[in-house]
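I opened this notebook to record, entry by entry, what I looked up in the structure. The entries follow the order in which I consulted the model.

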Amino acid sequence: MNPRRLGSPPANGAADVSTAPTDTAMDLDAMGAPPSRQGNRWAPRRKDQGGAAGTSAGAGAGAARTRSSSGAFPDASSRRRYWIVVAGLAVLALAFGFGLLAVDNPMPPGSRGFWLIAELRATSLLVMLIAAFCQATATIAFQTVTNNRILTPSIMGFESLYTVIQTGTIYFLGVAGVVALQGAGQFLAQVAIMVALSVLLYGWLLRGRYANMQVMLLIGIIIGGGLGSVSSFMQRLLPPSEFDVLTARLFGSVTNAEVEYLPYAIPLCLTAGVLIWLNARTLNVIALGRDVCINIGVDHGRQTIYTLVLVSVLMAVSTALIGPMTFFGFLVATLTYQAAGTHDHRRLLPVGVLMGFVVLAGAYFVMNHVFYAQGVVSIIIELVGGTVFLAVIMRKGRL
């Protein structure tokens, strides 16, 4: 008896079994899944690598290829929309940046005094860019590994730890001690303490029998609440003059940053941000869940800890540089998801940075030059971010 060719109708009416790649494998390949180890038969592969395909399998494989050929975007119109959004955000960023440099500059345009004042204002713009870069990148990556778009890295207690450090410094040393300790050493010490606490927390709660993301988040909330209580106790014992100084330092503001911090903050945030961007393909797979990662050979636990450590570096730099801004990252990430229209982190992260700078620089421009209320920028951002947070929760109906 001659063997039946693959794709020809069966002689006995039995069902034909397709050997084409599954839609799931093709979709994972389109999302940028990293190549699995050699010998893993579940590794995603394309149709032309699987030999001949039957007629009955051709329709399904063709449909999968049609969906995966668009890559990060479902169709051409979504791709065009993405680039229009990027161009629009870039134009707004340039407009707000130039406005903060030139508007209300008392010196004549083009004069030496004009450029000296613009140079001083450029430092604030650089601080805004660093804060937007850190907050947007850290929040998007954190929400990906936790598989929850409601949570932010602030839930791990970074702001509470910053508050304890600032409150404890004034409580034990007074205002004179705070002034004496200002400088790069104090900035690096805060960053080191925040990163060390987060690494200890991740290494303990995401390895061994405690390997549970929910437990880690709950313990992070408890630690943050405990640190907040300690801060409140010390604040009640401060004299009014010292309490006023502390209150000014606890509001997130670009005026909290010093020029001498920047040579240390820029390399730290660039290193962590670039490493997260280079790991964007793995983040695409982590977003699909732990089971999918295991099936295609991605070490979910190791990649989660790796990403969270980089997130802790970004959040520590941002918090130590400008102070706590709890809902700023959440606001930027939510707007980024709505504007970008893609799952690919290689596209999401740049849009998030642009969106963060536009929101921060735009808020400072409007409040400084329209309402002339320079001290309430962080309060307005937190108010808007908290409102968006509540709106998202009410719409979803769950955390």
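Entry 1, helix 14. I began with a definition: the expected span of a helix is 1.5 Å times one less than its number of residues. I note also that I am reading a predicted model. Helix 14, residues 345–369, has 25 residues and covers 35 Å from its first C-alpha to its last, which is close to the expected 36 Å. I then looked up its burial and found 19 of its 25 residues buried, so helix 14 is largely enclosed by the rest of the structure.

I counted 15 helices and 0 strands. The chain has 399 residues, and 46% of them count as buried. I also looked up contacts between residues at least 6 apart in sequence, and 78% of these join residues at least 24 apart.

I turned to residues 158–181, which form helix 5 with its 24 residues. Its end C-alpha atoms are only 21 Å apart, whereas a straight helix would reach 34 Å. Where is the kink in helix 5 centred? I located it at L173, with an angle of about 115 degrees. Just after helix 5, I found G183 with a positive phi of about 145 degrees.

Is Q186 buried or exposed? Its relative accessibility is 19%, and the cut-off for buried is under 20%, so Q186 counts as buried. Setting aside neighbours within four places in sequence, I recorded contacts of Q186 with Q166, L181, R249 and Y261.

I examined how helix 4 (residues 112–146) lies against helix 13 (residues 328–340): their axes come within 8 Å and cross at roughly 70 degrees. The two helices are therefore roughly perpendicular to each other. On the side of helix 4, I listed A131, A132, Q135, A136, T139, I140 and Q143. These meet F328, G329, F330, V332, A333, T336 and Y337 of helix 13. By type, I recorded 9 nonpolar and 5 polar residues in this contact, and no charged ones.

I found N147 in the loop between helix 4 and helix 5. Its phi is near 55 degrees, a positive value in a residue other than glycine. For context, I noted that most residues other than glycine have a negative phi. N147 is exposed, with a relative accessible area of 57%.

Terms used. Residues are numbered from 1 along each chain as its sequence is written. This is a predicted model: local features need pLDDT of at least 70, side-chain atom pairs count only at pLDDT 80 or more; totals for chains, interfaces and linings use all residues. Side-chain values use heavy atoms; hydrogens and water are left out. Helices (H or I, at least four residues) and strands (E, at least two) are DSSP runs, numbered from the N terminus. The bend at a residue is the angle between axes fitted to the seven residues ending there and the seven starting there. Axes are lines fitted to C-alpha atoms, for helices over the stretch in contact, and angles run from 0 to 180 degrees between N-to-C directions. Angles under 35 degrees count as roughly parallel, over 145 as roughly antiparallel, 65 to 115 as roughly perpendicular and the rest as oblique. Contact means heavy atoms within 4.5 Å. Ala, Val, Leu, Ile, Met, Phe, Trp, Tyr, Cys and Pro count as nonpolar, Asp, Glu, Lys and Arg as charged, and the others, Gly among them, as polar. Buried means under 20% relative accessible area, exposed over 50%, partly exposed in between (1.4 Å probe, protein chains only).
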